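Subject: Handing over the structure

Hi there,

Here is the structure I promised to pass on to you.

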Amino acid sequence: MGTRKNDILQGTLVLLVLKTLTSGKKLHGYAITAHIQRLSDQLLRVEEGSLYPALHRMEQDGWLRAEWGLTEKNREARFYSITSKGRKQLAEEQENWNRLTEGVARVMRGAIA
Amino acid sequence: MSWLGRLRNLLRPSRLQHELNREMSFHVQERIDDLQAEGLTREDATRAARLQLGNYTLQVERTRDMDIHQRLENTLRNLRVAARALAKSPGFTATVVATLALGIGANTAVFSAIYAVLLRPLPFPHAEQLVTLGQVNPKMRQPFVAPVRLSDWNRLNTTFQAITGYYSQDESETSGELPERMTRAFVAPRFLQVWGVAPQIGRDFAPAEEHFGGPSAVLISDRLWRRRFNADPNVVGQKLHFGLSRTGAVAVPIIGVMPASFQFPLRNVDLWSTSPEDAPFARGRELTWYSGVGRLKPRVTIDQARANLAAVQSALGSQFPKTDAQLTPDIQPLKEVTVGGVRRSLWLLFGSVSLLLLIACTNVTALLLSRAAARQPEIAVRFSLGATRASVMAHLLAEVFILAVSGAALGLLLAAAAASVFRTLAKSLPRIEEIGLDWRILVYSLACAMIVTLACGILPAIRNTRTNLARGTRTTVVGSNRIQLTLVGVQVALAVTLLAAAGLLVRSLDQLGRVSPGFEPDRVLTFQISSSWSETADLRAGMRRINRILDGLRALPGVDSAAVAYSIPGVPTQFQVELTSDQGRAETEPKIIAEGRTVSPGYFATLRIPVLAGETCREEANIYTMMVNRAFANTYFRDSSPIGRHLAQTGNIYIPNSVVRGIVGDAREAGLDREPVPTVYWCFTLSQPGTRFIVRTRSEPRLMSETIRRAIHDLEPARSVFELMPLIGQISDAYAENRLRTILLAFFASAATLLACVGLYGTISYIVNVRKREVGLRLALGAMRTQIIGQFLSQGLMVSALGCMAGIGLALAFTRLISNMLFGVSPTDLMTLTSVVTIILGVSIAASLIPAIRAARLEPMQVLRDE
């Protein structure tokens, strides 16, 4: 794997998963990991140990819907899709995230100056 | 959605686990594929994939822990373990469950009564809008309203949806062999509209039926419908027959059946008919006969309604100065009028059962402390095996929860019997038929159980998990004795409080029984005969009829004398009147205010009220006569004799002016618990609904019932006899509420004493048990057995004496609250308090002596060997 390990900040996993699913496509857990890793140019690595508990919880909270289906390789996998409640949650998380990064950025600028 | 998901997981835990397994293994497979594609061998890829996923089982568990299921499973396991632990000590479990069943059951029972009677709205739609209306005349306590005025109020106000009125009388229905007594309410127009209730079968009155001379019609009660018509659905159109003689009966068609819950104006009402407001005899503004009821408009407060109607009445006052200027309307919430009288009694009972529950809780806490102390080693083992404090506490609380819920379940059985207990003890309690169990009572008792769990469980749970591991393995737990003894002291104090209150109420009831009422209630039978208000149009004819009946009664063998009166002596009633004397009184002298009674001349002989001066009144041809009591003569005629004076009551249209013929002894006419007040007796054989016949018999009055019934039937075949019962029964029924609260409070107090006793016994036994070794050693070293007994006995007595002292303080505060329910004893009655303390100390000695003797009987060698 060779890439530098960069664990996902606590709490951002939900944001990333929801964002990944906004396209409306149904994805299984592995595809979600792969998608996040690919889009982040391998900068972010989803730890499987956190992913499944998170997916499960998000399903219980009603943000995701899950159903069993077959992959191209004809394997059984659990496919996740986003619900309208999930979209609302995403908007909220995104807002939080923006505020956080903006805040952190300001602090960093201040520290440099 | 989310809850549904959780619930699904909950119901199918294994499926969840299975799905997670499948999902994870899919992930590993995909990873292996990718790694192989990157060039790893299959084994390397598999190992790397697994490594990357981390501890497989841990993942599954972490995911599962998200589940509510996990928490629930923990709880269930706790409950299972707790149930097993409890099953192992059946004696302890039974004691605690019985204690809590008593505490929670009694509490729930009284709450079910409070809920049904006081808290729940009356059984009418928007019952909070219903009010009663009366007219107040400063000269005369006279709550009835003139039909014309009621109709004016209804027409002129802006705050009521409608105002209506009613009066009632007992009549005889003469279709059958014997006349059947029926209670009929005569109602003004708009009656059902005010109640918002429709007949369950048939229809409301038609407008034509509400006018004078219109067709007659009657609505019947659900009770009558079932009793008389066997719930026949085709009852509408059938006829009932009413009449004062066999020949002149009038047939009245039934137009509908009211629902069972509609019992207004009286619980035993059978019929409703219209009372036309436009009848010629109802035109007079001074004729009052309606009790008024009204329904407020939505969002109108009672104060707004009062102000509005007061304005309406003052306008009427200027229009009709002679009849209306002095009057003011009186508006009260219907619910308050219905149940206000029993509020204090019910809350007193509720306060008492809450104390009882508190005692039960204290008792259980002490028992739990002992039990948990004995289980220190087990708890220590749990800790050393890695249990957290929270989980041990949860475990201990789970035990208490099981106990409390079992107690509550048993208690509900007790509460289920509450309604019949209330019905037996006080059948006149308003709304008594509404008392029963429903889901709210269930929720209440469950809430009790939860509170009990926390209240009883938390202290033992905290104390016994505050252990350090080293100490826990030894069995030295003597330190917690103090707290248990304190708890016992608290129980004793509360029991003393309840016993003192109960003692005072019992003494009051006893005093009431001993009071000399000024008349002789034994061997007196009372009854009523059906009659109608329309007969009062000819008072002379009524008087002749009653005198004929009285003569018939007096002629019966076994009857000493007979009379009629408009009230029953000794049963609380008030009819206050203002009188003027022909003597002319100075402005400075107080107004003559007295209780007024209308009686036939035989009244005094029948009730054995002595004539002190003058002569017994007779009905004279050209003048009305009256008697006054000694209190009246002493209050208003201190210097002269009232005999021969003329007294008149303002506004009395029957008896304008009467002459005093004599003075009789003071009798407790207005209730046994009330001092005799100045009273006047009009000697007037009044015949109207509500007139009571009073008969003195030579032997047990009940034995004469049938004879009297038959005699009346011979004289008046179209009239029915009802409420035939001994006078002492009538008086006793009037104090049923007193009796109810006294009996229940006495029961609660005995239960409290029993619990405190069990608590003391349990705690001393426990202490003896813990100190067995010490006792054994001392006995081995030559201590006298009496010393051992004395030691434990004095410990028990000390606690109970301190409890008594605190209890007396509490009792003094508590009994002050009930001081106006007492009769003939003061709230600080020394005798009551002394007997309470004696009882408590007595049972305390018994409760501590048993374990103390057991301690003294220990065989030293046996004990020391066992240790």
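Predicted model: local features only at pLDDT ≥ 70, side-chain atom pairs only at ≥ 80, totals over all residues.

Let's start with the cores. The largest nonpolar core has 109 residues, and the residues with the most contacts inside it are Leu356(B), Leu498(B) and Ala752(B). Helix 13 of chain B, residues 343-374, gives the most to this core, with 17 residues. If you click on Ala752(B), you will find that it touches Leu355(B), Leu356(B), Ile359(B), Leu494(B), Ala495(B) and Leu498(B), leaving aside residues up to four places away in sequence. There is also a second, separate core of 52 residues; among its members are Leu525(B), Ala633(B), Val695(B) and Ile708(B).

Now to the helix pairs. In chain B, helix 19 (residues 481-514) packs against helix 25 (residues 736-770) at an angle of about 155 degrees, and their axes are 8 Å apart. Because angles over 145 degrees count as roughly antiparallel, helix 19 of chain B is roughly antiparallel to helix 25 of chain B. Their crossing is left-handed, and the contact between helix 19 and helix 25 of chain B has 21 nonpolar, eight polar and two charged residues.

Another pair to look at is helix 15 (residues 389-416) and helix 17 (residues 439-465), both of chain B, which pack at about 145 degrees with axes 7 Å apart. Here the crossing of helix 15 and helix 17 of chain B is right-handed. By class, their contact has 19 nonpolar, seven polar and one charged residues.

Enjoy exploring!

Best wishes

Terms used: Residues numbered from 1 in each chain as written. Chains lettered and ligands numbered in written order. Core = buried A, V, L, I, M, F, W, Y, C linked by C-beta atoms within 7 Å. Buried ≥ 20, exposed ≤ 12 C-beta atoms within 10 Å, placed from the backbone. Helix = DSSP H or I, 4+ residues; strand = E, 2+ residues; numbered from the N terminus. Contact = placed C-beta atoms within 7 Å. Axes fitted to C-alpha atoms, helices over the stretch in contact; angles between N-to-C directions. Parallel < 35°, antiparallel > 145°, perpendicular 65-115°, else oblique. Left-handed = near helix turned anticlockwise from the far one by under 90°. Nonpolar A, V, L, I, M, F, W, Y, C, P; charged D, E, K, R; others polar.
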